[in-house]
Amino acid sequence: MEGTEPVDMSKRLCRACRFAKCVEVGMNPMAIQAEVKTEEGKVLRSEVLSQRESMGVVSSLMVTEEDLLSRMIEKLTLVESKIEPLHRSGVPPGYRDIRKLEEILDSKPVFVISEIPNLKFCPMPCPKETKEKPHLRRRCTNYVHSSFLASIESSKMFDFSSQINLESRMLLMKHATVVCSNMMNAFFSMNEMKSDVLLHPDGSISGPMHKKDRETNTISDHVRTLQKTLISFLNNKIDKIEYLLFKAIMLCNPAVPGLSVIDQQIIEKERNQYVKSLLNYCLLQHGKLHGPARFGAILALAPTIENQSKLQKDFHVYLKARHFQKHKEMGHTGRKCVSSMFDQVMES
C-alpha cells in the first residue's frame with residue numbers, strides 16, 4: 001500500500017546460531033512449515049540435518065509417531081503369526097516334550113511340533129492297569145504344553161532375548177510364560193473361536209471338569225480361575241493390536257525378582273517402547289479426550305492377569321501332590337503329567 005513502509009524480511013529469518021540451538025534442544029527442522037527461500041537457509045538446514053545424521057538421530061526426525069507404531073505392530077503381528085501354528089496344533093496324543101526350560105531357551109526357535117527335538121512317545125500303561133482303570137487309556141492332545149511353548153518361543157524374537165544372559169531369561173520366562181499363555185488362549189477363544197468360555201483350538205473346554213460339575217452343570221473353582229483373563233478381555237472389548245502390545249508389555253517385566261540391574265534396564269527399555277506404542281494407539285483410536293482413559297483401563301487389567309497366573313501355580317502344587325500319591329500306588333513315581341518345562345514354570 002502507498003505510504004506503508006516496506007517490511008524488512010530479514011527480521012523474519014531465524015539466525016543460524018539461534019536455529020542451531022533450537023535444533024540442539026529437540027526442534028525438528030523437517031517440521032518447519034515456512035518455505036526456505038534463500039540459498040543460505042537451505043544450506044543451513046542441510047548442514048544441521050547432516051550433523052544430526054552423524055549423531056544417529058535423523059531417523060527419529062524423518063519418522064512420525066504413526067510410522068513407529070505401524071512398525072511395532074507389524075513386528076508383533078509377525079511374531080504372533082510365527083507361533084500360531086505351534087499354539088493351534090498341540091502336542092500329539094501319547095507324546096511328551098522331555099526338554100527342560102533351559103534347553104528350550106538355549107536352542108533355536110521351533111514353530112512346528114514335528115520339529116521339536118527329543119519328542120518322546122510315552123507308552124500306555126500295562127493292559128492290566130487299563131482294564132481295571134479304563135480312564136488310563138484316554139489320550140488327548142496336550143494343548144497346555146504347546147501354549148506354554150509358543151509363549152517361550154515368541155520371547156526369542158524380542159530384542160532383549162539376545163542382550164540378557166540365559167539365567168535372566170529363565171527367571172523372566174518362569175514368571176511370564178503362564179501370563180502370556182493365558183493372554184494368548186483368552187484372545188484366541190474370544191477372537192477366533194467367538195466364545196465367551198475358554199476353549200482349546202479343537203473346541204474342547206480348557207481346564208479339567210469333575211464328574212459332579214458335569215452332572216450339576218456347574219463350573220469348578222479352577223475352571224472359573226482360568227476364565228479370569230478371558231472375562232477381562234471380553235468386558236473391555238480388547239482388539240488385536242491392544243492384545244499384541246499389552247502382551248508384549250506383560251512379557252517385558254523388569255520387576256521379576258533375581259534379575260540384575262543391567263538386565264532390568266534392558267528389559268525396561270524395551271517395555272517402555274510397547275507402553276508408548278499402546279498409548280499412541282489409544283490416542284489414535286479414541287482421541288486425546290478418551291485415549292488416556294482407554295490406555296489406563298488396559299493396563300489396569302495387569303493385576304487380574306497376574307493373579308490368575310499365581311492361582312494356577314498354587315493349584316498345580318496341590319494337584320501334583322495328589323497325583324504323586326496316585327502314581328506312587330501305580331509304581332510310576334517318576335512320571336510327569338505334562339512335561340519337565342511345565343513343572344519348572346508352574347513350580348517357580
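1. Does Tyr318 count as buried, partly exposed or exposed? At 46% relative accessibility, Tyr318 counts as partly exposed, where buried means under 20% relative accessible area, exposed over 50% and partly exposed in between, with a 1.4 Å probe and protein chains only. Phe315 is also partly exposed, at 23%.

2. On the basis of the values: this is a predicted model, in which local features need pLDDT of at least 70, side-chain atom pairs count only at pLDDT 80 or more, and totals for chains, interfaces and linings use all residues. Residues are numbered from 1 along each chain as its sequence is written, and side-chain values use heavy atoms, with hydrogens and water left out.

3. Cysteines. A search of the whole structure gives zero disulfides, a disulfide being a pair of cysteine sulfur atoms within 2.5 Å. For Cys180, the closest cysteine sulfur belongs to Cys252 and lies 8.6 Å away, which is too far for a bond. Cys180 is buried, with a relative accessible area of 5%. Cys282 is buried as well, at 0%.

4. Aromatic pairs. The count comes to six aromatic pairs. Rings of Phe, Tyr and Trp (its six-membered ring) pair if their centres lie within 6.5 Å; planes under 30 degrees apart count as stacked, over 60 as edge-to-face and the rest as tilted. Phe187 and Tyr243 form a stacked pair, with 4.4 Å from centre to centre and 5° between the planes. This pair links distant parts of the chain: Phe187 sits in helix H8 (residues 166–192) and Tyr243 in helix H12 (residues 240–251), 56 residues apart. Helices here are DSSP runs (H or I, at least four residues), numbered from the N terminus. Phe187 is buried at 6% relative accessibility, and Tyr243 is buried at 2%.

5. The pair of Phe315 and Tyr318 is tilted, because the ring centres are 6.0 Å apart and the planes stand at 50°. Both residues lie in helix H14 (residues 302–330), three residues apart, about one turn of the helix. Elsewhere, ring pairs join Phe158, Phe160 and Tyr274 into a cluster.

6. Helix crossing. The axes of H12 and helix H13 (residues 261–299) come within 7 Å and cross at roughly 140°. Axes are lines fitted to C-alpha atoms, for helices over the stretch in contact, and angles run from 0 to 180 degrees between N-to-C directions. H12 is therefore oblique to H13, given that angles under 35 degrees count as roughly parallel, over 145 as roughly antiparallel, 65 to 115 as roughly perpendicular and the rest as oblique. Residues of H12 that meet H13 include Leu245, Ala248 and Ile249, and those on the H13 side include Tyr274, Leu278 and Tyr281.

7. Tyr274. This residue is found in helix H13 and is buried, with a relative accessible area of 0%. Leaving aside neighbours within four places in sequence, Tyr274 is in contact (heavy atoms within 4.5 Å) with Met72, Lys75, Leu76, Phe158, Leu245, Ala248, Ile249 and Cys252. Tyr274 and Leu69 are 205 residues apart in sequence but 9.0 Å apart in space, C-alpha to C-alpha.

8. Gln312. Which residues does Gln312 touch beyond its neighbours within four places in sequence? Gln312 is in contact with Val178, Asn182, Leu226 and Met346. Gln312 has its place in helix H14 and is buried, with a relative accessible area of 9%.

Notes. Helices (H or I, at least four residues) and strands (E, at least two) are DSSP runs, numbered from the N terminus.
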